[in-house]
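Let's take a walk through this protein together, with the structure open beside you.

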Amino acid sequence: MSFINVKGLSHKFNIKDKDGNKIGENWAIKDVDFLADKGEIIAILGRNGSGKSTFARHLNGLLAPHEGSIVIGGKDMAEMGELTSIRRQVGMVFQNPDNQIVGNTLAEDIGFGLENLGVSSEDIWKKIDEMLELTGLTAYKYANTSRISGGQKQRLAIASSMAMTPDCIVLDEATSMLDPQGAKDMLELVQRLNKEKKITVIMVTHRITEALMADKVYILDNSRIVAEGTPGDVFTDVDRLKSYGLEIPVDMKRRAGIPIDICYKYKNRHMDISSDMNNAQSNHAEDEKTADNSEKCIVEIQNVSYSYVNGNESFQALSDINIKIYEGQVVAVIGQTGSGKSTLLQMINKLIVPQSGKVYLYDTDVQSVRNIKDIRRRIGYVFQFPESQLFENTVLKDVMYGPINFGMSKREAEDAARKALELVGVPEKYAEYSPFELSGGLKKRVAIAGILAYEPDVLILDEPACGLDGESREQLWNLVRKLNREKNVTIILVSHDMEDVYEMSERILLMEHGRIVYDGGTGEFFEDRSLLERYGIDVSGCPE
């Protein structure tokens with residue numbers, strides 16, 4: 001018998017109106033059959049809202065099925081007394097690590113579960129050190145969990161789950177917030193644990209490139225399994241994969257003859273988007289040469305430094321940063337996890353105040369602005385986990401909040417909200433839904449709509465495509481291009497995905513240990529192989 005045996009699994013969620021009354025129901029997964037043998041690596045793919053996370057949460061009892069059965073290691077999850085044992089067997093790592101971090105320090109978080117199991121203090125500390133080393137977090141052993149970056153939190157969540165030495169680990173988009181090297185290291189770690197300790201691995205992912213390491217692949221669409229088999233069997237039909245909303249890797253596009261846009265070249269307003277890459281780089285270089293003389297500076301950061309303090313210890317997040325960002329530019333800020341990217345961006349709209357140096361917005365010192373709305377109205381900030389920005393009882397009210405807060409009438413705000421929801425591809429039927437009942441991908445799009453509705457001059461996107469399926473990512477980037485080209489919105493983008501950076505940006509700021517180590521053109525950056533190797537930039541997904 002298979003280690004995991006799921007038969008006819010179905011689960012539904014009630015749909016409620018703004019007053020909490022049931023107005024319908026939605027089958028998140030329906031009649032799902034699933035098998036996993038001990039020691040297998042299984043990948044589960046599908047578009048946002050297809051049912052992947054709902055299915056994953058059944059595997060360790062976070063959700064109970066409305067129909068069907070789940071048997072893990074010979075234990076039926078429906079039987080009384082088996083659930084606790086099964087949860088020890090099956091570790092879960094969520095897309096948003098904040099959902100499972102409980103300790104004040106990294107050491108406390110990793111040791112929490114072990115202490116509850118009655119493991120000796122000596123063995124707990126050995127396991128803490130082992131997991132910190134495996135996940136590259138040794139230097140942060142006693143750091144406060146609230147002070148580390150999103151990617152570092154993701155590693156911590158994986159370390160804490162693996163410390164329990166489960167028979168199976170479920171990774172729900174668990175590498176989505178890691179930089180390319182961090183994601184590669186984590187997948188290598190997962191493969192090593194799988195090989196050496198025979199841990200069964202269930203990966204929920206949007207990335208076909210990650211799924212290639214799996215022994216078997218399942219694709220969910222419209223709540224049902226629509227394809228299963230080995231990666232070699234499932235990933236042969238590119239058109240079929242696209243119909244399921246999956247993002248097609250560049251090398252698969254090339255083999256299938258699908259055109260690959262070098263999208264950052266659209267920044268030259270007089271250039272045909274279909275023109276070749278060499279012309280794009282040439283024109284882009286000319287733009288860069290004349291930027292200081294002909295373009296308006298929107299954001300200027302002068303000699304900015306910032307440290308996070310935890311007790312007697314401090315961590316230098318930014319060191320003497322000097323940059324200018326011009327109106328209408330598309331700038332990508334990249335760097336490994338913990339390099340200071342998010343801290344830098346939070347300076348711009350006064351979420352964090354510099355300990356030294358100055359931040360200027362349209363020649364105005366941000367620190368001197370008394371009414372914070374004057375800044376927030378002009379700068380839209382989409383966080384790493386934008387769904388955490390949702391708080392109203394309906395989608396429409398949530399998106400209307402920003403426009404009303406910045407002075408629009410209720411009617412104007414509603415018009416702006418409906419337009420923004422249409423722009424990000426949220427169907428009108430969801431307007432009266434509670435935002436908390438939507439899928440992760442839809443929550444993200446609603447949060448983005450809430451920013452776009454009040455039409456900021458500058459749009460800061462901190463890993464906005466994280467967790468989005470290929471279809472949703474394409475919609476998001478097309479929208480960003482449209483805002484930049486038609487409304488001259490300045491875009492500041494943080495991403496670990498070098499393919500997104502390559503296609504979307506015209507200028508790159510590369511950060512390392514709180515400093516800017518490269519500030520220049522996108523084309524020049526990706527052509528400099530020595531630079532890429534020096535800073536460990538993985539460009540395997542970018543067009544040649």
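Start at strand 16 (residues 379-382), where Ile379 and Tyr381 point one way, Gly380 and Val382 point the other way, and all are buried. Buried means under 20% relative accessible area, exposed means over 50%, and partly exposed lies in between (1.4 Å probe, protein chains only). In a regular strand the side chains alternate between the two faces of the sheet. Helices (H or I, at least four residues) and strands (E, at least two) are DSSP runs, numbered from the N terminus.

Before going on, note that this is a predicted model: local features need pLDDT of at least 70, side-chain atom pairs count only at pLDDT 80 or more, and totals for chains, interfaces and linings use all residues. Residues are numbered from 1 along each chain as its sequence is written, and side-chain values use heavy atoms, leaving out hydrogens and water.

Which strand is joined to strand 16 by four bridges? Strand 17 is, and the two run parallel; strands pair if DSSP finds at least two bridges between them. Here Ile379 stands opposite Val458 in strand 17.

Now find helix 17 (residues 470-487), whose 18 residues reach 25 Å from the first C-alpha to the last, close to the 26 Å expected at 1.5 Å a residue. That expected span is 1.5 Å times one less than the number of residues. Its buried residues include Arg473, Leu476 and Trp477. Just after helix 17, Asn488 takes a positive phi of about 60°.

Arg473 also belongs to a network of salt bridges with Glu247, Asp497 and Asp500. A salt bridge is a side-chain nitrogen of Lys or Arg within 4 Å of a carboxyl oxygen of Asp or Glu. The whole structure holds 20 salt bridges. In one of them, the side chains of Arg47 and Asp221 meet at 2.8 Å, N to O. This pair links distant parts of the chain, 174 residues apart: Arg47 is in the loop between strand 3 (41-45) and helix 1 (52-58), and Asp221 is in strand 9 (residues 216-221). Arg47 is buried, at 17% relative accessible area, and Asp221 also counts as buried, at 10%.

Finally, look at the rings. Tyr502, Tyr518, Phe525 and Phe526 form one aromatic cluster. Rings of Phe, Tyr and Trp (its six-membered ring) pair if their centres lie within 6.5 Å; planes under 30 degrees apart count as stacked, over 60 as edge-to-face and the rest as tilted. The count comes to eleven aromatic pairs. Among them, Phe525 and Phe526 are edge-to-face, 5.2 Å centre to centre with 85° between the planes, and both are buried.
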